[in-house]
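Please keep the sequence and the structure in view while reading.

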Amino acid sequence: MRLSGNGLRCVRGGREVFSGLDVAAESGHAVAITGPNGAGKTSLLRLLAGLLAMEGGSISLEGGDPELTLPEQAHYLGHRDALKPALMVRENLSFWRDFLGGGKSDESDALAAVGLDHVAHLPAAYLSAGQRRRLSIARLLAVKRPVWLLDEPTSALDVTGQAAFAAIMTGHLAGGGIILAATHTPLGIAVRELRIGGAA
Amino acid sequence: MTALAAVIRRDMRVALRVGGGALIGVLFFLTVVVLMPFAVGPDLALLKKLGPAILWLGALLASLLTLDRLFTADHDDGSLDLIVMGRTPLELVCAAKALAHWLAVGLPLVAATPVLGLLLNLDAVATGAVALTLLAGTPALTFTGMVGAALAVVLRRGGLLLSVLVLPLSIPVLIFGVAASNAAISGPSPFGTPFSILCALSLSSLVIGPFAAAASLRHGLD
C-alpha cells in the first residue's frame with residue numbers, strides 16, 4: 001500500500017499555505033511532518049482526510065480498498081478529541097466503534113491498551129487532558145484503518161503514555177499500516193521527516 | 001444501520017443527561033404557555049380562541065431553542081470531522097440526528113400539550129386536535145430547522161442566525177398547524193384539508209432537509 005500526494009496546494013482564507021507539496025508513505029512506514037507554527041502541518045493532514053477543499057494536485061492510495069475513498073480508510077486524530085462530556089468513557093468509545101464500523105473487537109482491550117480500563121464508567125467530563133487524548137487513541141485501536149493521520153498525537157501525554165503510544169504505533173506499522181503525524185516532538189519510532197514551510 | 005442506530009442512541013443519551021436539551025425544551029414550552037394567560041388576561045373565551053395558536057408558537061420556539069446545538073456541539077468537539085470522514089452517507093447521518101432530536105425534544109412537547117391545554121381552557125377535543133397537529137407538524141420544524149443549524153455551524157453566535165433563517169421557513173407549518181387545530185375545534189372548514197397539507201409539509205421536509213443540511217455541512221468544512 002502506498003499513499004501519495006503530488007503537487008498539493010492549499011489555500012485558507014485567501015492566503016496560500018503551501019503549493020507544489022509532495023508527500024508519500026508506504027506500508028509499514030511513518031512520516032513525521034515538521035515545520036514552524038502556521039506552516040500548514042494541520043492543513044496537510046486535513047487535506048488528506050478530505051476535510052479541506054483541494055486547490056490543486058492529486059492524492060492517491062494504491063493498494064487500498066478500491067471501493068472506498070482515502071478518508072474512509074483513514075483515522076484522523078485532531079486537536080479536538082471528539083468526546084461527549086456527558087457520556088461515559090466506554091460509551092464514547094463504543095459509539096465511535098459502532099459508527100466507524102469497527103469489528104466485534106472488545107473495546108475493553110482498547111481501553112486497557114491505553115490504560116483507561118479503571119475509569120470506563122466515569123463520564124468523560126471528569127477526564128484530564130492526557131486521559132482524553134488516551135481515549136481518542138483507543139479509537140484508533142477499536143476500529144481498524146490502514147492509514148493514521150495524527151495531529152500532535154503526543155500532546156498532553158505523560159512519559160509512560162508517550163512510550164505506550166510509540167508501542168501502539170509500532171504495532172500498527174508492523175501490521176502494514178501507514179502513519180502520517182504532524183509533530184514538534186520526537187515520536188519514539190523510526191520516521192522519515194517531511195519538513196514544510198520556511199527555510200529555518 | 002449499526003452506525004445510524006449508534007448516532008440516534010448517542011444523541012438521545014446526550015440530550016437526556018445533565019445539560020442536555022430534552023428537559024430545557026419542555027420547560028421553555030411550559031414557561032411560554034404559562035405566561036400567555038398573564039399577558040392576555042383572565043378572559044376564558046379569548047384564551048380558548050387563542051389556545052391552539054399559543055401552543056403552536058410555544059412548540060415552535062421550544063424546538064428552535066435547542067436546535068442550534070444540533071451540529072455546533074459536534075463541530076466544537078471535533079466529532080463532525082470524523083462523521084464527515086465516515087463511511088455512512090452524511091445525508092443519512094443528518095436524518096438520524098434530526099430524528100434523535102425530534103424524539104428527545106419534539107415528542108415531549110407533544111406529550112406536554114394535554115397538560116398545558118388545561119391552562120388555556122381547551123376541552124378534551126381541542127387539546128387532542130392540537131396534540132395531533134403537533135405530532136404531525138413538529139417533524140417539519142425539526143427537519144427544516146436542521147438546515148439552518150447546518151448553515152450556522154461554522155459561525156459564532158450561530159443560534160441567533162438560526163432563528164432568523166428558520167422562522168420564515170416555519171410559517172407554512174404554523175399556518176396549517178393552527179388552521180387544522182381551529183378547524184377541528186370550531187369548524188366550519190373541514191379538518192382533513194389543512195391536516196393533509198401539514199403532513200405533506202412534514203414529509204417533504206423529511207426528504208429535503210437531510211440533503212440540504214449535508215450539502216451545507218460539506219460546503220462549510222474548514
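## Where the chains meet

In this predicted model, the contact between the two chains draws on 21 residues from chain B and 23 residues from chain A. On the side of chain B that touches chain A, the elements that each give two or more residues are α1 and α5 (79-85) of chain B, and the largest share, 7 residues, comes from α1(B). Sorted by class, that side of chain B has 9 nonpolar, 6 polar and 6 charged residues.

## The length of helix α2

Helix α2 of chain B covers residues 21-40, and its 20 residues, at 1.5 Å a residue, should span 28 Å; the C-alpha atoms at its ends are 29 Å apart, which agrees with that expectation. Just after α2(B), the residue B:G41 takes a positive phi of about 100 degrees.

Which residues of α2(B) are buried? They are B:G21, B:A22, B:G25, B:F28, B:F29 and B:V33. Around the helix axis these residues cover an arc of only 140 degrees, and therefore they lie on the same side of α2(B). In general, an α-helix has 3.6 residues a turn, so residues three or four places apart point the same way.

The buried residues of α2(B) pack against α1 (2-16), α3 (44-67), α4 (69-76) and α6 (90-119) of chain B, whereas the face of α2(B) turned away from its buried side carries the exposed residues B:T31, B:L35 and B:F38.

Key. Residues are numbered from 1 along each chain as its sequence is written. Chains are lettered from A and ligands numbered from 1 in the order in which they are written. This is a predicted model: local features need pLDDT of at least 70, side-chain atom pairs count only at pLDDT 80 or more; totals for chains, interfaces and linings use all residues. Helices (H or I, at least four residues) and strands (E, at least two) are DSSP runs, numbered from the N terminus. The expected span of a helix is 1.5 Å times one less than its number of residues. A residue is buried if 20 or more other C-beta atoms lie within 10 Å of its own, exposed if 12 or fewer, and partly exposed in between; C-beta atoms are placed from the backbone. The arc is that of the directions from the helix axis to the C-beta atoms. Two residues are in contact if their C-beta atoms, placed from the backbone, lie within 7 Å. Ala, Val, Leu, Ile, Met, Phe, Trp, Tyr, Cys and Pro count as nonpolar, Asp, Glu, Lys and Arg as charged, and the others, Gly among them, as polar.
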